[in-house]
Amino acid sequence: MKTKGVPYVEIFADGACSGNPGPGGFGAILRSGEKEKEISGFEPMTTNNRMELTAIIIALESLKMPCRLIVTTDSNYVVKGMNEWINGWIKNNWKNSQKKEVLNRDLWERLIKAARPHDVSWKWIKGHNGHAENERCDRLATEEITRNRKK
């Protein structure tokens, strides 16, 4: 589906961590019309929130042109961060409402940069609730953890 020459893309993303912190994985699905691409990755020592952010960042960074897109995730942290908190954090020099440093600032800044060329809508869905793409992303993430633990 295209709107005024701008591609429409759906991104579904999830992160997982075995222990928090611990080994982590992420998975994402990018869909545009009939085309679909899966991406996944692993980090040996990370947190669940970092993996949630990383899944979306890597998906956005893989886009080759500005798009209109919707990012669907079960991470309230990401959705609220981008829809509610980010402008205040930036205005307050990356301090949160408790006047403490915002966690994962490096990834938030990378996410802002990756999202900038696009018209992005952020959508939260309940995790582990039968949402087909979210379940697939979760499997991609947990498979990365399992595969990399065996190395």
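Cysteine 137 is buried, with a relative accessible area of 0%. The structure described here is a predicted model. Cysteine 67 is likewise buried, at 5% relative accessibility. The sulfur of cysteine 67 has its closest cysteine sulfur in cysteine 137, at 17 Å, and this is too far for a bond. Cysteine 137 takes part in no disulfide either, since the nearest cysteine sulfur, in cysteine 17, lies 17 Å away, whereas a disulfide requires two cysteine sulfur atoms within 2.5 Å. The count of disulfides by this rule is 0.

Backbone geometry was examined next. The peptide bond between asparagine 20 and proline 21 is cis, with omega about 20°. Proline 21 belongs to the loop that runs between strand S2 (6-17) and strand S3 (22-32).

A positive phi occurs at tryptophan 94, which is not a glycine, with a value near 60°. Tryptophan 94 is placed in the loop between H2 and helix H3 (105-115), and its relative accessible area of 6% makes it buried. Asparagine 104 also lies in the loop between H2 and H3. The phi of asparagine 104 is positive, about 65°, although the residue is not a glycine. With a relative accessible area of 14%, asparagine 104 is buried, because the cut-off for this class is under 20%.

Asparagine 104 is also one of the residues that line the second largest pocket. This pocket holds about 210 Å³ of space. Helix H2 (residues 76-91) supplies the largest share of the lining, 5 residues. Sorted by class, the lining consists of 5 nonpolar, 5 polar and 2 charged residues.

Serine 75 is located in the loop between strand S5 (68-73) and H2. The relative accessible area of serine 75 is 5%, so the residue is buried. A polar atom of the serine 75 side chain lies 3.1 Å from the backbone nitrogen of valine 78. With residues up to four places away in sequence not counted, serine 75 touches Glu52 and Trp124.

When neighbours within four places in sequence are left aside, the contacts of alanine 115 are with Leu60, Val120 and Trp122. Proline 66 is 49 residues from alanine 115 along the chain, and the C-alpha atoms of the two are separated by 9.2 Å.

Conventions: Residues are numbered from 1 along each chain as its sequence is written. This is a predicted model: local features need pLDDT of at least 70, side-chain atom pairs count only at pLDDT 80 or more; totals for chains, interfaces and linings use all residues. Side-chain values use heavy atoms; hydrogens and water are left out. On a 1 Å grid over the protein atoms alone, a cavity is a set of points where a 1.4 Å probe fits but cannot get out, and a pocket is an open set with protein on both sides within 12 Å along at least five of seven lines; lining residues have an atom within 4 Å of a point. Grid points are joined across faces, edges and corners, and a volume is the space filled by probe spheres set on the points. Helices (H or I, at least four residues) and strands (E, at least two) are DSSP runs, numbered from the N terminus. Ala, Val, Leu, Ile, Met, Phe, Trp, Tyr, Cys and Pro count as nonpolar, Asp, Glu, Lys and Arg as charged, and the others, Gly among them, as polar. Buried means under 20% relative accessible area, exposed over 50%, partly exposed in between (1.4 Å probe, protein chains only). A polar contact is a pair of N or O atoms within 3.5 Å; within protein, one must be able to donate a hydrogen and the other to accept it, and residues adjacent in sequence count only if both atoms are side-chain atoms. Contact means heavy atoms within 4.5 Å.
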